[in-house]
Amino acid sequence: MGMTPIISRNSDTLSWTRPSQPKIEIQLVGQQPRIVNSYTTGDQINGTAIITVEHETPFDEVEIVLQGSSHTTIDHVPCGRVGSEQIFLELRQPIEETAYLIPEVLEPGRSYSFSFGFVVPDRLLPQACTHARINPLVHRAHTMLPPTLGDPMLAGDGKTFLDDLAPDMSRISYIIRVGVFMKSPSDHRQLNPLAIIAKKVRIIPTVEEEPPINVLGHPYYCTSKGKSGRYGPLRTKLGRLLVSSSQPKPIRLLPPSYPRHNVSTVAIVRLRFDPVGNEQPPQLGSITSKLKASTFYSATPRADFPCQSGTISSGQGGQGLFSESIPLLTMCVSSAQWEKHSMSSESDRRESIHLITSENLDDPAVSFFKDNYYTTSVIIPITIPSSKTFVPTFHSCLVSRTYSLDLSLTYHTPGMNILTPTISLCVPIQITT
């Protein structure tokens with residue numbers, strides 16, 4: 001007779017039982033109704049597995065496991081839909097032989113309790129990532145514990161499901177699995193399940209800040225951009241406006257056991273204006289900021305970090321990319337004050353060179369070594385909304401999550417009244433916890 005899956009009222013619990021076979025209940029320490037327990041690095045996951053039967057039931061083994069796994073689905077590849085699974089974590093609770101009753105028979109009218117305790121590790125075993133790699137840093141990233149991702153059971157208050165910005169095609173899950181097994185009559189090395197139950201837990205590991213991303217020549221990020229203005233029927237040249245920003249300090253999430261609240265950082269946008277003649281710097285308008293969450297998933301383990309070219313379509317080369325942008329803030333920056341500089345000193349000249357990127361040096365339309373130029377800067381608060389669930393930046397064998405800031409600046413140049421010019425940047429940002 002095959003196993004019949006039964007989903008209990010608590011949809012965080014899955015069970016597979018045969019009629020009149022063992023019934024298993026998992027009780028976690030600190031469990032609250034309708035809320036999945038959350039843990040972080042170093043936390044203890046303690047609980048008890050309770051087994052009861054309606055009839056005398058012979059058995060050979062009870063197994064209690066903390067399991068972590070990744071699941072991905074890729075569509076539109078030549079062979080149709082492809083699903084992949086990786087079990088990257090499997091911690092087993094030792095059970096003393098004396099915990100079993102001799103003979104190994106479960107009796108009706110009694111409850112059999114098995115305590116368990118797991119500690120959330122900070123790293124996976126090296127054999128969790130054994131695939132080929134072309135980047136030596138990939139193995140370190142792939143053996144870090146990834147966060148729970150793509151599971152709608154991440155409830156904020158037991159009533160509201162929160163979106164963690166992941167597609168249905170990728171999921172990272174952690175479960176406590178308890179099973180009662182009996183040896184196969186034909187092969188005693190094989191264990192056949194009498195009943196299995198799995199209870200979901202949420203794990204958001206501690207993630208430290210990584211070094212800033214090298215954006216030079218990157219196909220996706222744009223941390224510096226310049227525009228030269230022209231006006232009138234003769235397209236008379238105006239000065240050159242250069243806008244730049246660097247990777248902000250990371251957004252630091254608190255552990256999942258803390259009350260939910262807004263967390264934030266700041267981005268600094270630096271501006272420089274080089275006039276052609278004696279014209280004044282442009283009047284700034286507003287800056288709009290958006291946070292983009294990109295989830296990369298694949299049918300096979302990645303040999304390198306995913307390229308954020310923005311051109312990957314679902315199924316292309318067995319890889320998928322799902323991005324979602326969250327509007328953050330639109331702020332008026334018209335009150336920003338420009339500061340005039342002179343190139344009379346060597347220190348000013350060095351500062352000017354520091355502000356110039358390679359793409360600007362090749363532009364013959366403007367000279368960055370004129371006598372006068374202007375600078376200003378704008379500080380942009382970056383606060384993520386509490387209406388979404390954010391996980392830290394991570395890379396695993398099958399799934400990765402990265403974040404970037406889209407910053408769009410409007411400005412007004414005298415003599416150009418037809419359209420409002422805009423300069424947009426895309427800056428990497430990390431989320432840590």
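Colleague: Why does Ile379 count as exposed?

Modeller: Ile379 counts as exposed because its relative accessibility is 53%; buried means under 20% relative accessible area, exposed over 50%, and partly exposed in between, with a 1.4 Å probe and protein chains only. This is a predicted model, in which local features need pLDDT of at least 70 and side-chain atom pairs count only at pLDDT 80 or more, while totals for chains, interfaces and linings use all residues. Residues are numbered from 1 along each chain as its sequence is written, and side-chain values use heavy atoms, leaving out hydrogens and water.

Colleague: Which strand holds Ile379?

Modeller: Strands are DSSP runs of E, at least two residues long, numbered from the N terminus. Ile379 belongs to strand S20, residues 372–383.

Colleague: And Ser294: is that residue buried or exposed?

Modeller: Ser294 is buried, at 4% relative accessible area. Its strand is S17, residues 283–298.

Colleague: What does the side chain of Ser294 make a polar contact with?

Modeller: A polar contact is a pair of N or O atoms within 3.5 Å; within protein, one must be able to donate a hydrogen and the other to accept it, and residues adjacent in sequence count only if both atoms are side-chain atoms. Here the partner of Ser294 is the side chain of Ser323, at 3.1 Å.

Colleague: How many disulfides are there?

Modeller: A disulfide is a pair of cysteine sulfur atoms within 2.5 Å. The count is zero. For Cys397, the closest cysteine sulfur is in Cys129, 3.9 Å away, which is too far for a bond.

Colleague: Are Cys397 and Cys332 buried or exposed?

Modeller: Cys397 is buried, with a relative accessible area of 2%. Cys332 is exposed, at 55%.

Definitions and conventions
Helices (H or I, at least four residues) and strands (E, at least two) are DSSP runs, numbered from the N terminus.
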